Amino acid sequence: MSPPERLTLDRIETPLGEVLLVTDADGAVRALDFVDFEPRMMTLLARHYGAVDLSEGRAPETVRTAVQAYFHGDAHALEGLTTRTGGTDFQRQVWAALKTIPAGQTRSYAQLAAMIGRPSAVRAVGLANGANPIALIAPCHRVVGANGTLTGYAGGLERKRWLLAHEAGRAS
């Protein structure tokens, strides 16, 4: 059996509270979540990678800078980050589609399902969206209900509202 993968856990202060940023030895982002959802993040890490050796430390400066720039108004700062996720092929397909939703815009779950060529898989898309380990980078907060209402977001609806307004250039 191979030893657990070594990952680094960094903590970055943001206007919405501390975010947890997990990177691997190559600097790829493996997880990004808000500190109050640390148990969820740890569950996703275990589910996707099995045993991991998670050590407190600093993420590469390019990654830290991108996260900070995003929260300081650059809605596109996270787009160039390298990510490496576990998950099923279907989940990774959904997460890749999330990255194509432009900042400041939203899509419904049905639209997201159609984007991946699986229009009848709306519920499965919702489940994949909820299992997204790289929040903000694969912007699951940009997915809304069929009628445009804000629906479930692992970080909470107030954060979702703030993030959408922030990306549209009107965050308070």
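Contacts, fold and core

Reader: What share of the contacts with a separation of 6 or more comes from residues 24 or more positions apart?
Author: In the protein chain, which is a predicted model, residues 24 or more positions apart account for 58% of the contacts that have a separation of 6 or more.

Reader: What box do the C-alpha atoms fill?
Author: Taken along the principal axes, the C-alpha atoms fill a box of roughly 45 × 40 × 25 Å. The accessible surface of the chain comes to about 8300 Å², and 53% of that surface belongs to carbon and sulfur atoms.

Reader: Then what about the inside, how much of the chain is buried?
Author: Buried residues make up 47% of the 172 residues. In soluble globular proteins, nonpolar side chains tend to be buried together. Here the largest nonpolar core has 39 residues, and those with the most contacts inside it are Leu21, Phe71, Leu78, Val94, Leu98, Leu112 and Val125.

Reader: Which elements give two or more residues to this core?
Author: They are strand 2 (19-23) and strand 3 (29-34), together with helix 2 (61-71), helix 3 (89-98), helix 4 (109-115), helix 5 (122-130) and helix 6 (157-167). Apart from this core lies another one, of eight residues, among them Leu9, Leu20, Val22 and Tyr49.

Reader: Can we zoom in on Val94? What does Val94 touch?
Author: If we leave out residues up to four places away in sequence, Val94 touches Leu112, Ile116, Val125, Ala128 and Asn129.

Reader: Switching topic, is Arg30 buried or exposed?
Author: Arg30, which has its place in strand 3, has a relative accessible area of 4%, and because anything under 20% counts as buried, Arg30 is buried.

Reader: How many residues apart along the chain are Arg30 and Pro133?
Author: Arg30 and Pro133 are 103 residues apart along the chain, while their C-alpha atoms are separated by 7.1 Å. Pro133 is also in contact with His48, a residue found in helix 1 (residues 38-49) and counted as buried at 15% relative accessibility.

Reader: And where is Ile101?
Author: Ile101 sits in the loop between helix 3 and strand 5 (107-108), and with a relative accessible area of 1% this residue is buried. Its contacts, again without residues up to four places away in sequence, include Leu112, Met115, Arg142 and Val143.

Reader: One last thing, what is phi of Leu136?
Author: Phi of Leu136 is near 75 degrees, which is a positive value in a residue other than glycine. Leu136 lies in the loop between helix 5 and strand 6 (143-144), and at 4% relative accessibility Leu136 counts as buried.

Technical notes
Residues numbered from 1 in each chain as written. Predicted model: local features only at pLDDT ≥ 70, side-chain atom pairs only at ≥ 80, totals over all residues. Heavy atoms only, no water. Buried < 20%, exposed > 50% of the residue type's maximum accessible area, 1.4 Å probe, protein only. Contact = heavy atoms within 4.5 Å. Areas by Shrake-Rupley, 256 points an atom, 1.4 Å probe, with all protein chains shown as cover. Core = buried A, V, L, I, M, F, W, Y, C linked by side-chain atoms within 4.5 Å.
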